[in-house]
Amino acid sequence: MISHNLYIYNSLTSSKEKFKPFRKNSVGMYVCGPTVYSDIHLGNCRTFISFDIIYRYLKHLGYSVRYVRNITDVGHLEDTGEDKISKKAKVEQLEPMEIAQKYTNSFKDVLKKFNVLNPSIEPVASGHITEQISIIEDLIEKNLAYISNGSVYFDISKYNEIDSYGKLSGRDLDKIKSKSRNLSSQDDKINEFDFALWKRADENHLMKWTSPWSEGFPGWHLECTAMSNKYLGDEIDIHGGGIDLKFPHHDCEIAQAVGYNGKQPAKFWVHTNMLTLNGKKMSKSLDNNILPDELFSGKNDIFSKSFDPNIIRFFFLQAHYRNELDISEEAIKASEKGFNRLIKIIDRLTNVKASKINNDGIFNNIKEWEKKCFSCLDDDFNTPMLIAEIFNSSKLINQFEEKGEIGDRERVYFINLLDTLLNKILGLNYSKSTSDNNSILEILLNIRDEARSKKDFQLSDSIRDQLNKKGFKVNDKD
Ligand code: AMP
Ligand code: ZN
């Protein structure tokens, strides 16, 4: 299969480039995972679903993909300098590791509901302290890092002698300077924009480890360098994350890795754009985040009904991963309608009459259409274009129905193709959600009719009200 024409947008060069991995048939992909101090919101989910598409498509092309997605359970600090996980542990009166485990579990549960595949390796930052310490030792030895008051900082001015810091985000250092002035422990640094590789912990700090410099903890950026190096080597094919991680996180990762290995860590830098609510980035700190379970259960202040995870996944995929996407009830309802239309197309295809005689003309038309579909995916994983193309397939089905000349061979080929596109690559549970839902709906309506005939209006009204709440309008015949 592997011969293909896949182009991926590379944030490092700001252009689409032909994808060619370092090793012939295998791909190494590293995606920055969540900081597990709270439940993930729909914005986070959008990013992980986008990388799920990339992972699925690379696998479909025949690559053996090692997909590493880390769990940040230490070192990600608030602007005040407090560790996010330690802070939450104090609030919830739990051990920091209980907090990390609790939110790692809920992260995995949510992604499962969205039908996101598990990565190949999911390493945790706190399990890789030794690796992080040895990178710091190496950077100190190379004069790219310095010890100050028990902490260790990366020296940007020294680094700029070998490469230019901030090249991924294109930030200018003056702006970085004014922002970093707010950070605590500023006094320990030589340059205002140097960043911490190791932080000395104060007495009250909950998560700390012994190191050559102090009892302390690693800086957030370092974990990704350590874990990507350990599991994917010093040259990764794809390194990804949300666009908000470009700076400082990914620029710092590049600096650390170039300092440590003497080469650029990743061939392709892939960044997903943000999910917004009323035009504002969905974010924990802005307090405008919607939790997936609130949407699935219909229990939230913004939406009047619940939505299936499959519909939300479809809604996300109707936008390109590099474009911003605003979430609203109206927009999800439009996706829901669209998804149901898609199911009807598949139902029509499944029911179309086919003969034993092959039809080469139709077979060629299907293959032409197949090419168009894959060219959408090859164009930087363009899922909205692919979905539009799948809607277009109804024209082909019209042809089958009107002319009645489709052969079994063509029908089976077409059904399998749709299954590959929708199920395997886009990860949509189309057959499950529709046919299962329809039969469950039918059973519920029968029970309700029975209740009504026995004049058990409490039960029949309750079924009607609950179905209405889920968006199914129930009309009484009499
Ligand atoms: P965090 O746990 O904050 O590091 O976030 C995990 C991932 O979600 C990162 O790749 C972020 O870039 C991404 N992310 C955060 N907010 C949003 C958003 N509103 N839309 C899309 N992705 C987001
Ligand atoms: Zn990272």
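What spacing do the donors of the zinc ion (ligand 2) follow along the chain? The pattern is C-x191-C-x24-H. The residues behind it are Cys32 through SG, Cys224 through SG and His249 through NE2, at 2.0 to 2.2 Å from the zinc ion. Donors here are N, O and S atoms within 2.8 Å of the metal, or 3.2 Å for Na, K and Ca; water is not among the atoms, so sites may look incomplete. Cys32 sits in the loop between β3 (26–31) and α1, and Cys224 in helix α7 (residues 220–232), so that this pair links distant parts of the chain, 192 residues apart. Helices are DSSP runs of H or I with at least four residues, strands are E runs of at least two, and both are numbered from the N terminus. Cys32 and Cys224 are both buried, meaning under 20% relative accessible area with a 1.4 Å probe and protein chains only.

A word on conventions. This is a predicted model, where local features need pLDDT of at least 70 and side-chain atom pairs count only at pLDDT 80 or more, while totals for chains, interfaces and linings use all residues. Residues are numbered from 1 along each chain as its sequence is written, chains are lettered from A and ligands numbered from 1 in the order in which they are written, and side-chain values use heavy atoms, with hydrogens and water left out.

Next, ligand 1. There are 16 residues around ligand 1, and Gly43, Thr47, Asp244, Leu275 and Met282 come nearest; the criterion is a heavy atom within 4 Å. α1 (42–60) and β9 (236–242) each supply at least two shell residues, and α1 gives the most, with four.

Now the polar contacts, which are pairs of N or O atoms within 3.5 Å. A polar side-chain atom of Asp244 is 2.4 Å from a ligand 1 oxygen. The Thr47 side chain places an N or O atom 2.7 Å from a nitrogen of ligand 1.

Last, aromatics. The whole structure has 20 aromatic pairs, with ring centres within 6.5 Å. One of them, Trp369 with Phe414, is edge-to-face (planes over 60 degrees apart), at 5.2 Å centre to centre and 85° between the planes. Trp369 is in helix α12 (residues 360–378) and Phe414 in helix α14 (residues 408–425), so the pair ties together parts 45 residues apart in sequence.

Key:
Polar contact = N/O pair within 3.5 Å; in protein donor to acceptor, adjacent residues only side chain to side chain. Buried < 20%, exposed > 50% of the residue type's maximum accessible area, 1.4 Å probe, protein only. Phe/Tyr/Trp six-rings, centres within 6.5 Å; stacked < 30°, edge-to-face > 60°.
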